[in-house]
Amino acid sequence: MAPEPVEPSTPGTVRPGGRTARVRAAVLRAAEDALVEHGFGGLDLGDIAQRAEVGRTTVYRRWGSTTALVADLLTDMAEQSLPRTHSGTLAEDLRANARLVQRTLADPRQGALFRAVIAAADGDPGTAEALRLFYRRRVEEWAPCVTEAVERGELPPDTDPSEVIRAVSAPLYYRMLTTAEPLDEPAADRAATAAEAAARAGAYRRQDA
């Protein structure tokens, strides 16, 4: 499912081409670097403008705040994420989803970036809302593989697709945030297998069904 359009009046969410697009790409890359190095608390629009080699006025006029910049960064990350696979079986689709999440979180740069944004969301409502929108888009991208499994008769007809997809990634985020255990493919495969088994057993049936 395509990401939902963002209101054009939101700072930093215009989708122009040409030089403006290059400026946006440079600023978002600089924001990533700053988040990885210093976390949300260390973000400064002036520093980001210097890193991106663009005018401070441009950055302040277009984004206006670090929260708006992080929101635009998450929007861009959602749009750049790989689309879901179409394997034809629930097991393979969920495994592909789990391995995509695992590769992202295990990546030194991407993992650090997500940890910084998640930490920021705990105390910043704007960042929290941007993070919720990011994950909603990713769940919407992968939920159809569960819907298709229901149509094939692999799962109970009242299975909640979003709950199944969230169940795949939850153990991987838990491992990243709370343990020092390896975030590897076996961990991803276990998460996918557990979510599939629970879904087949009816654990994610809609409560209002």
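Biologist: How much space lies in the largest pocket?

Modeller: Rolling a probe the size of a water molecule over the atoms shows where empty space is left. In this predicted model, the largest pocket holds about 640 Å³ of space. Its lining consists of 26 residues, and those closest to the centre are Phe 114, Phe 134, Tyr 135, Arg 138 and Tyr 173.

Biologist: How do the lining residues of the largest pocket divide into nonpolar, polar and charged?

Modeller: The lining has 13 nonpolar, seven polar and six charged residues.

Biologist: Which residues of H4 and H7 meet?

Modeller: From H4, the residues are Thr 67, Val 70, Ala 71, Leu 74, Thr 75, Met 77 and Ala 78. They meet Gly 126, Thr 127, Ala 130, Leu 131, Phe 134, Arg 137 and Arg 138 of H7. By class, this contact comprises eight nonpolar, four polar and two charged residues.

Biologist: At what angle do the axes of H6 and H8 cross?

Modeller: The crossing angle of H6 and H8 is roughly 85°, and their axes come within 11 Å. An angle of 65 to 115 degrees counts as roughly perpendicular, so H6 and H8 are roughly perpendicular to each other. Gly 111, Phe 114, Arg 115 and Ile 118 of H6 make the contact with Tyr 173, Met 176 and Leu 177 of H8. Five of these residues are nonpolar, one is polar and one is charged.

Biologist: Let us turn to a single residue. Is Ala 112 buried or exposed?

Modeller: A residue counts as buried under 20% relative accessible area. Ala 112 has a value of 16% and is therefore buried. This residue lies in helix H6.

Biologist: Which residues does Ala 112 touch, not counting those up to four places away in sequence?

Modeller: With those neighbours left out, Ala 112 touches Val 36 and Asp 107. As for Ala 187, 75 residues apart from Ala 112 along the chain, the two C-alpha atoms are separated by 19 Å.

Note on methods:
Residues are numbered from 1 along each chain as its sequence is written. This is a predicted model: local features need pLDDT of at least 70, side-chain atom pairs count only at pLDDT 80 or more; totals for chains, interfaces and linings use all residues. Side-chain values use heavy atoms; hydrogens and water are left out. On a 1 Å grid over the protein atoms alone, a cavity is a set of points where a 1.4 Å probe fits but cannot get out, and a pocket is an open set with protein on both sides within 12 Å along at least five of seven lines; lining residues have an atom within 4 Å of a point. Grid points are joined across faces, edges and corners, and a volume is the space filled by probe spheres set on the points. Ala, Val, Leu, Ile, Met, Phe, Trp, Tyr, Cys and Pro count as nonpolar, Asp, Glu, Lys and Arg as charged, and the others, Gly among them, as polar. Helices (H or I, at least four residues) and strands (E, at least two) are DSSP runs, numbered from the N terminus. Buried means under 20% relative accessible area, exposed over 50%, partly exposed in between (1.4 Å probe, protein chains only). Contact means heavy atoms within 4.5 Å. Axes are lines fitted to C-alpha atoms, for helices over the stretch in contact, and angles run from 0 to 180 degrees between N-to-C directions. Angles under 35 degrees count as roughly parallel, over 145 as roughly antiparallel, 65 to 115 as roughly perpendicular and the rest as oblique.
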